[in-house]
Protein chains: 2
Amino acid sequence: MNEFDLIARYFNQPALTGQPGCDGGVVVGIGDDCAVVSVPDGWQLVQSIDTLVEGVHFPAGIDPVLLGWRALAVSVSDLAAMGARPHSFFLALTLPKADTAWLEGFCQGMADLAARCGIPLVGGDTTRGSLTVSLHVQGIVAAGSALRRNGARPGDTVYVSGTLGDAGGALPLVLQGASIEDGKSTSETALLTRYYRPEPRLALGQWLVEQGATAAIDISDGLLGDLNHILRASGCGATLNSDALPLSDALRVVYPEDQARSLAQTAGDDYELCFTAPASAIAESESPIPVVAIGTIVEQSGIRLDGQLIDLAEGGFRHFS
Amino acid sequence: MNEFDLIARYFNQPALTGQPGCDGGVVVGIGDDCAVVSVPDGWQLVQSIDTLVEGVHFPAGIDPVLLGWRALAVSVSDLAAMGARPHSFFLALTLPKADTAWLEGFCQGMADLAARCGIPLVGGDTTRGSLTVSLHVQGIVAAGSALRRNGARPGDTVYVSGTLGDAGGALPLVLQGASIEDGKSTSETALLTRYYRPEPRLALGQWLVEQGATAAIDISDGLLGDLNHILRASGCGATLNSDALPLSDALRVVYPEDQARSLAQTAGDDYELCFTAPASAIAESESPIPVVAIGTIVEQSGIRLDGQLIDLAEGGFRHFS
């Protein structure tokens with residue numbers, strides 16, 4: 001047995017493989033040529049693959065506990081955006097050497113998020129090379145009910161969940177190597193927590209399917225850029241009211257008002273949901289997490305913020321480096 | 001639109017996304033937060049993730065056409081080993097820069113294999129970093145019929161398909177940077193082709209399910225090591241007859257007899273299937289590709305080759321570097 005077989009054992013532990021997933025959906029887990037999974041009759045599988053590269057999507061030297069959580073959370077967020085229930089996931093991990101302490105931390109962070117979402121690890125591959133984490137996640141939806149990007153219609157209201165800009169507000173600290181405990185105030189710590197420990201909005205996504213939301217996306221690259229994906233797929237535009245964008249107290253404490261608003265518009269990594277629905281469909285007080293109306297879908301293409309047409313080439317895209 | 005969005009467009013082409021897969025199984029392909037797939041009632045999904053790292057699993061500077069084929073073939077081979085019909089696949093590609101000629105070659109090689117297997121690309125992620133190819137592949141099997149590793153029983157016959165050791169025989173040339181056309185004889189070219197263009201044994205795997213094979217694995221790390229995975233999972237051992245191992249004419253021409261036999265026993269990368277079945281179940285003349293009996297499953301653990309107990313720590317495992 002070589003060192004990478006040993007690493008594989010790290011992942012074949014009940015904290016990761018023993019999560020319930022969708023009941024009875026895992027027929028064969030880790031240990032054969034393939035995993036075997038089942039999907040209930042009348043349901044469909046919703047699937048996504050995401051790669052995080054050291055120095056591009058997360059800082060070199062990141063606490064492995066935080067990386068394990070964040071990598072899985074970012075992937076599961078795609079399931080939330082489709083309104084899916086988590087089913088199971090695969091991990092392809094490339095790392096320079098077998099570092100026991102690092103692996104223990106990484107597995108712990110990943111297991112914490114897996115337990116929170118009830119999603120089991122069912123397969124993977126471990127290889128030697130530059131630190132790279134690829135995750136394939138899957139969930140289930142009743143056939144035909146997945147929340148797509150292409151269903152927004154003029155007259156729909158545009159909503160977002162939670163607060164925006166917090167993770168982006170943490171980025172200057174992250175780039176300096178700060179971990180969560182390096183926050184110099186409760187506000188900084190709150191922002192750093194948003195960056196390092198995003199929470200996939202699974203309950204919201206599933207609730208939106210029931211309410212008849214017309215389109216949804218998770219905000220990974222910034223509100224304006226991600227909303228634009230919905231608009232292009234749906235063939236329409238939007239008018240937004242900047243005063244309506246939800247800002248956290250922490251963001252307002254750490255940043256002047258104008259910078260806080262700018263972060264809320266264009267910074268990514270918050271993994272809140274942006275979605276559209278007829279206003280009559282969404283009883284905001286009944287949502288599993290706070291949601292707020294920020295604008296309206298219109299026929300004319302583009303995004304108008306407080307009446308001004310936004311140049312999307314200018315903002316909306318941002319990566320770690 | 002940044003350069004990596006452009007790359008994503010390379011993969012959203014009909015040669016890759018337009019393969020038939022399992023009819024009607026792809027509900028939503030590339031372009032949303034997730035793909036949506038369906039599985040016919042009474043069937044299960046068989047899934048695997050594999051990563052290939054430059055310099056570890058393939059030589060730096062490899063012809064991208066060959067890499068595209070080989071990467072997908074190696075992954076689909078896991079589906080063959082489970083007896084599955086191909087459904088669809090995901091690509092997570094990390095590469096140092098957007099090199100158009102390289103991407104065209106890579107897509108062409110991958111599309112050639114995708115067309116051969118009828119497996120469509122349904123999603124992916126493209127990131128910047130060291131060249132790394134992760135593939136998630138999935139196929140379908142009638143519920144409960146997947147070929148596992150753990151079903152071998154004493155008295156079963158051990159079989160292999162095709163010929164063994166050919167890809168391993170090409171390895172010294174591969175390590176010198178040889179591509180297929182660098183073979184100095186038809187025999188060398190034949191061995192290099194086996195290394196660079198493996199053929200997933202899909203038809204054989206599906207036939208084995210129908211015949212009632214008891215266990216199967218694809219030979220990626222070498223016959224003895226991979227058979228040992230079946231034996232450990234099944235709690236039994238095997239006796240093998242080295243004269244029965246199928247050697248190609250090409251391997252016999254390039255290598256002396258004893259080296260050729262050694263390669264057939266321990267070299268990997270052939271992606272033939274090793275499987276077990278009651279001898280009465282397998283009519284060798286009716287197999288979609290040649291298969292041959294090489295031994296018998298016994299109660300006593302371990303592998304005995306011509307009566308000699310094999311030390312598996314010594315051979316059976318080999319990687320590119």
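A charge sits over a ring if NZ of Lys or CZ of Arg is within 6 Å of the ring centre and within 35 degrees of the ring normal. This is a predicted model, where local features need pLDDT of at least 70, side-chain atom pairs count only at pLDDT 80 or more, and totals for chains, interfaces and linings use all residues. Residues are numbered from 1 along each chain as its sequence is written, chains are lettered from A and ligands numbered from 1 in the order in which they are written, and side-chain values use heavy atoms, leaving out hydrogens and water.

**Charges over rings**

Select R197(A) and W69(A): the charged end of R197(A) sits over the ring of W69(A), 3.9 Å from its centre. Next, pick R70(A), which lies over the face of Y195(A) at 4.2 Å from the ring centre.

**Ring pairs**

Rings of Phe, Tyr and Trp (its six-membered ring) pair if their centres lie within 6.5 Å; planes under 30 degrees apart count as stacked, over 60 as edge-to-face and the rest as tilted. Over all chains, a search of the whole structure finds eight aromatic pairs. Select F11(A) with F106(A), an edge-to-face pair at 6.4 Å centre to centre and 85° between the planes.

Is W102(A) buried or exposed? W102(A) is buried (under 20% relative accessible area; exposed is over 50%, partly exposed in between, with a 1.4 Å probe and protein chains only), because its relative accessible area is 16%. F106(A) is also buried, at 0%.
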